[in-house]
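Q: I am new to this structure. Please take one part and look at it closely, then show me the chain around it.

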Amino acid sequence: MTPVHFAFSSTFMLGLAGLAFHRYHLLSALLCLEGMMLSLFIALSLWTLQLDSTTFSSSPMLLLAFSACEASAGLALLVATARTHGTDRLQSLNLLQC
Amino acid sequence: MTFIMYLVLFSFVLGLVAVASNPSPYFAALGLVVVAGMGCGVLVGHGGPFLSLVLFLIYLGGMLVVFAYSAALAAEPYPETWGSRPVVTYMVVYLAGVVLVSALFWGGWYESSWGSADELGEFSMFRGDMAGVALMYSAGGWMLVISAWVLLLTLFVVLELTRGLSRGALRAV
Amino acid sequence: MNPYIMALLLFGLGLGTTITFASSHWLLAWMGLEINTLAIIPLMAQHHHPRAVEATTKYFLTQATAAAMLLFASTTNAWLTGEWDIQQMSHPLPTTMITLALALKIGLAPMHSWMPEVLQGLDLTTGLILSTWQKLAPFALFLQIHPNNSTILITLGLASTLVGGWGGLNQTQLRKILAYSSIAHLGWMTLVLQFAPSLTLLTLLTYFVMTFSAFLVFKLNKATTVNSLAISWAKTPILTSLAPLILLSLGGLPPLTGFLPKWLILQELTKQGLPLLATFAALTALLSLYFYLRLSYAMTLTMFPNNLAGSAPWRFHSPQLTLPLAVSTATAILTLPLAPAAMALFAP
């Protein structure tokens, strides 16, 4: 495991841990998700650059487009929950409990 | 070069610790800016100026403006910075975890493993990533079509999610 | 919702699953999963009820996390082995991570807790899409990676059957009961995945047919709680007499279709030298059978008092389409005699 491999793996895992453990705001959760996608972008780009696999270097761009889609859908959901629940606290998303 | 790489990678991880340690969204967005900037540094160090430029422009120019707007939308009166106690606890725990795991691998890292694969890459005029991304217009044309279609789909998704809501805090006027 | 937008979203659902089916590259498979998730989000939130929006948010967060984990695992695989092909996973670490990510995506037991809550917030049609069509793409990946870590698969499967039976015991909400039934069935599929993948496909198919009929029965009765099932004898008498058969078929009783996959799975597990596991799985199926029986009891075996005006709505014709329900009900009840043909079709 090279240092760059360790760096993006640990950033991804940190983002995942931050998303999984206690979040106050929906926006913080979305930011953690965005951090995960960012480390995936770095991972794909570095794989391309390290292996000099030129034809694969358009895949980080596709990943960036899809993560932009995901982020915008998440922000739209943020607006929708702010309208229906009045706040973006994740604690208030409690209508569906058993 | 080794030292710069070491510094950049360290700030990359530190920036994501700052995002993940649950501060208020403004500060988390600031941490994401740091992560994106350092990611650009990593990419440049490994010889990918075009991908780095794309990351810089798309991320810092586009998405973080949107995130800053949303942070303003979900603003709170007493924000939590990295100094407040639960955030500091999370940061210490995450940093300790990263340091412990990296100590496992530390023996296998020698000096040249910090650098990139292409030696003397500074002397070359053209970089492979630019040509590779341009392949999306020829060989990877269907992927381009799919991505464009997904962006269009996302537009409709966002419109459908936020349209026609007449209750709650932010009313459509 | 505007029909053009609806058509676009349904096309997106189909396209996402098709891309995942057709792909041999992990990036393309991930794209298909993302398209699937993006396309179903407005369908889930189409009524803009707070519960629907909340369910959509929870679904989005879990699915996005699972998809990111999937891509991270395949990137790790590429860094370790230099291979992006789905069917050529050789390193155990990325294979385990992909198994866990797919388990989160379809809702297997330790990662299941989003599934009942999300299904509770949706209407029955979208819930039907969520518990059938959305499982197809992750299952296609699941079948292709040949997971070889048997401990984690058996743990996931047995925990799912147990939780699926146990969690539904105390529920009065039909959609939550259906969600727990989905978890239990997915657990059965995961149990047999490493021994006979064709049996997994057969189980998936029969589960689709049975859960399709169950959702349509509840939709025809406009019922979302056990209470409101009580007057279904006044709405659709014949369907009310058939509904226990569908539910018991979901539970897996012998003369019905649902017995077929459970029978074959138990036989396969015994053949592989795991009789203890087969016994445990059969015992956990009893827990599920209890709540199916309770639904049948509330729906058919008791006749609740009703006033005169309320006892004759069966005279009116329902505007809902009943042909799919008829076909799927017949399939969900009667196809056990086709077992040799099904085995010949699925097990080469």
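A: Start with a definition: a residue is buried under 20% relative accessible area, exposed over 50%, and partly exposed in between, with a 1.4 Å probe and protein chains only. This is a predicted model, in which local features need pLDDT of at least 70, side-chain atom pairs count only at pLDDT 80 or more, and totals for chains, interfaces and linings use all residues. Residues are numbered from 1 along each chain as its sequence is written, chains are lettered from A in the order in which they are written, and side-chain values use heavy atoms, with hydrogens and water left out.

The part is C:P237. C:P237 has a relative accessible area of 40%, so it is partly exposed. It sits in helix α13 of chain C, residues 237-251. Helices here are DSSP runs of H or I, at least four residues long, and strands are E runs of at least two; both are numbered from the N terminus.

Now its neighbours. Contact means heavy atoms within 4.5 Å. Leaving out residues up to four places away in sequence, C:P237 touches C:S232 and C:W314. C:W314 is 77 residues from C:P237 in sequence, yet their C-alpha atoms are 7.3 Å apart.

Turn to C:S232. This residue lies in helix α12, residues 232-235 of chain C. C:S232 is buried, with a relative accessible area of 1%.

Step back to the chain. Chain C has 17 helices and 0 strands. Its radius of gyration is 20 Å, close to the 20 Å that the globule rule gives for 348 residues, so chain C is as compact as a globular protein of that length. That radius is taken over C-alpha atoms, and the rule is 2.2 Å times the number of residues to the power 0.38. The C-alpha trace spans about 75 × 50 × 35 Å along its principal axes. Of the 348 residues in chain C, 60% are buried. Among contacts between residues at least 6 apart in sequence, 79% join residues at least 24 apart.

Last, the partner chain. In chain C, 19 residues are in contact with 14 residues of chain B. The two chains bury about 1,500 Å² between them, and carbon and sulfur atoms give 83% of it. C:L8, C:L38 and C:H48 supply 38% of the area that chain C buries there, more than any other three residues. Buried area is the accessible area (1.4 Å probe) that two parts lose on being put together, summed over both.
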